[in-house]
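The stops below go from a whole chain down to a single residue.

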Protein chains: 2
Amino acid sequence: MSLKDVALHAGVSVKTVSNVVNDFPHVTEAMRARVQRSIDELGYRPNLTARHLRKGRTGIVALALPELGNPYFAELAAEIVDAAAAHDYTVLLDHTGGRREREILVSQGFRTRVIDGLILSPIELEAEDLEERAEQVPVVLLGEREYDLPYDHIAIDNVAAAREAVRHLLSLGRRNVAFLGARRGSSRPARLRLLGWRAALDEAGLVADDRLIAATDGWGYADGAAAMAGLLDAGHRPDAVFAYNDLIAIGAMRVLHERGLRIPEDVAVVGFDDVVEGRFSAVTLTSVSPDKAFIARQAVESVLSRLGGARHEARRIHAGHSLVCRESTLGRA
Amino acid sequence: MSLKDVALHAGVSVKTVSNVVNDFPHVTEAMRARVQRSIDELGYRPNLTARHLRKGRTGIVALALPELGNPYFAELAAEIVDAAAAHDYTVLLDHTGGRREREILVSQGFRTRVIDGLILSPIELEAEDLEERAEQVPVVLLGEREYDLPYDHIAIDNVAAAREAVRHLLSLGRRNVAFLGARRGSSRPARLRLLGWRAALDEAGLVADDRLIAATDGWGYADGAAAMAGLLDAGHRPDAVFAYNDLIAIGAMRVLHERGLRIPEDVAVVGFDDVVEGRFSAVTLTSVSPDKAFIARQAVESVLSRLGGARHEARRIHAGHSLVCRESTLGRA
DNA sequence: CCCGGGATTTCCATCGTTATACGCGGTCCG
DNA sequence: CGGACCGCGTATAACGATGGAAATCCCGGG
């Protein structure tokens, strides 16, 4: 069921059928109708693989995220799928687990040439890994990590957002604000949010107490719970917690609840990402809300705009954010 | 940078390079080494698009899920991506929003011929929609909906699972067990879990009270919250809730909490899916836990096994499940 | 009546890879 | 010593679609 079959059936040449399929201008109405009838009759559908081979484009962009299980990334993926669909593009999904080796694999194009572009949210990837990229498909980076590389990068202003979050806690009179979610072993991820945390404390004339920075292995509920338990077990009792993300925050809240500490009376909690989970926890979660739809749209547009080989300057695009205040800081209304 | 370039560089024919790349048996060591050196030197990577055109396979399976935002589907997607990777397959992701039109679109192969197979989790799709499928790529169905169609179908025994869940509630002495999450307007989804609910009540000699069945528009937190609020506002005060899924259950718990009802003392709650969220809510959630890894593995293997056009009988594959009891029914340990 | 010229349609090469058929030495056997 | 056979490589034709050149058609004008 190829162009050839249709051509045979309609008694015309292959190219004429192709012209009809592609809406070429110079085709008579009569001819168009005749070919179209054959197409309908045979139920012809173009073979995209062949088309892509010829055109050099596949209509597929890859999206590589650390963890689909994290609702922030799941929500973002959903938005990106929609944004890509608006441009007739499809999304090929991969998750890296935030592991450097997998991130390298993805960035080097292990799906060789079936994708037109890559949207990558790196965690442990280093700049040198990206420099080695032999692939020539355009890349767009998402997320907190910053690289001095000629790739577009889309993220919210993490420092500012973190600072606002901590300011909010300080404005409530809290003085011992813990930070949950610095990556254990590696100083790079979470760096910007930690900077924001420090900045807010500094400008309030407080000393940032490094013992209130709790490292985690990952960024899930369990990590947040473990980090919170670790802090409390070590005898530190912050009166507020700023978490790297909502999952960590919710995990921490669970532990606070178990230990009989009230939220926000004893400990106020702020998360990051504004995932839907935080709106339905027993104590709803105050959180930094990034403009996910904007990020998704920008990511897709940015990667597609580079397709033609357009070599415009690498851009750092800041998405908007806002602090959504809920019960975990304000208490029950 | 194609086979031709490598062939030129190595001074051999294109096919010989191809033979080396594909590990064909009859190539001398010397020749293999020589070609391999050229390959390495030029950094050649095969063009999968062309290979797929020739072979008729793309190495891609599509996965169509209702909502990535639902952690159950996100977790399942992650498992499927991994399971596919184990077979050197990649996953093309789509979400249907559970809307019939999008499900039809997906099932009719709008990604014409770039995919080798489709794993579909339908919500509103009807049997007739699938009968009209002109596409010849194999399909595997996931989830609760049942169709009398020649496609493999992988799901847990929803009736049995629901019955166990409700039995558990009854064993705790509860008598008024509400069901949250019957789809408003359509009787099909949730049918099996409702059957299980009824069966458990029947076998306990209780009368299923239809007023305790709460319909929802979707299956998110907000829907659960709305359904629970609706029941309470209508003056019904069940002493237990069995929810269609965990999100609905958590949304319901949030409302119970707002209304000052204690879980599980006043109202016990059981969910379905065992998503990680339920393990970190203030009151951890008792839930039916489907064997996601098995479902993912089976789905991938099933769809790939049909590739050769093997026309073996359509199978109904039951994945395992278990009831994980937590605080929302047993209370704080 | 024939020709120019624009509008249509056809022909051919091409994208990168793999399958098929064959050529070319050499070896083995009768 | 000649022919069948084997192992290794090469040439060539697909796969299905598209872009550009070439061929054809149709009309009015000279």
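Predicted model: local features only at pLDDT ≥ 70, side-chain atom pairs only at ≥ 80, totals over all residues.

## A tour from chain to residue

Coloured by secondary structure, chain A shows 13 helices and 12 strands.

Now colour chain A by domain. Domain 1 covers 3-46, domain 2 covers 56-156 + 293-319, and domain 3 covers 158-291 + 323-330. Select domain 1 and domain 2 of chain A together: their centres, taken over C-alpha atoms, are 38 Å apart.

The accessible area is about 13800 Å², and carbon and sulfur atoms account for 50% of it. Of the 333 residues, 58% count as buried. Then show the charged side chains of chain A: 41 are positive and 46 negative, and the centres of the two sets lie 4 Å apart.

Move to chain B and select helix α11, residues 246-258, which contains M253(B). Is M253(B) buried or exposed? M253(B) is buried, because its relative accessible area is 7%, and the cut-off for buried is under 20%.

Show what surrounds this residue. Beyond its neighbours within four places in sequence, M253(B) is in contact with I263(B), V269(B), S281(B), V283(B), L285(B) and S328(B).

A85(B) is 168 residues from M253(B) in sequence, and the two are 38 Å apart in space, C-alpha to C-alpha.

How values were computed
Residues numbered from 1 in each chain as written. Chains lettered and ligands numbered in written order. Heavy atoms only, no water. Helix = DSSP H or I, 4+ residues; strand = E, 2+ residues; numbered from the N terminus. Buried < 20%, exposed > 50% of the residue type's maximum accessible area, 1.4 Å probe, protein only. Areas by Shrake-Rupley, 256 points an atom, 1.4 Å probe, with all protein chains shown as cover. Lys, Arg positive; Asp, Glu negative; His and termini not counted. Charge placed at Lys NZ, Arg CZ, Asp CG, Glu CD. Domains from an automatic or database assignment. Contact = heavy atoms within 4.5 Å.
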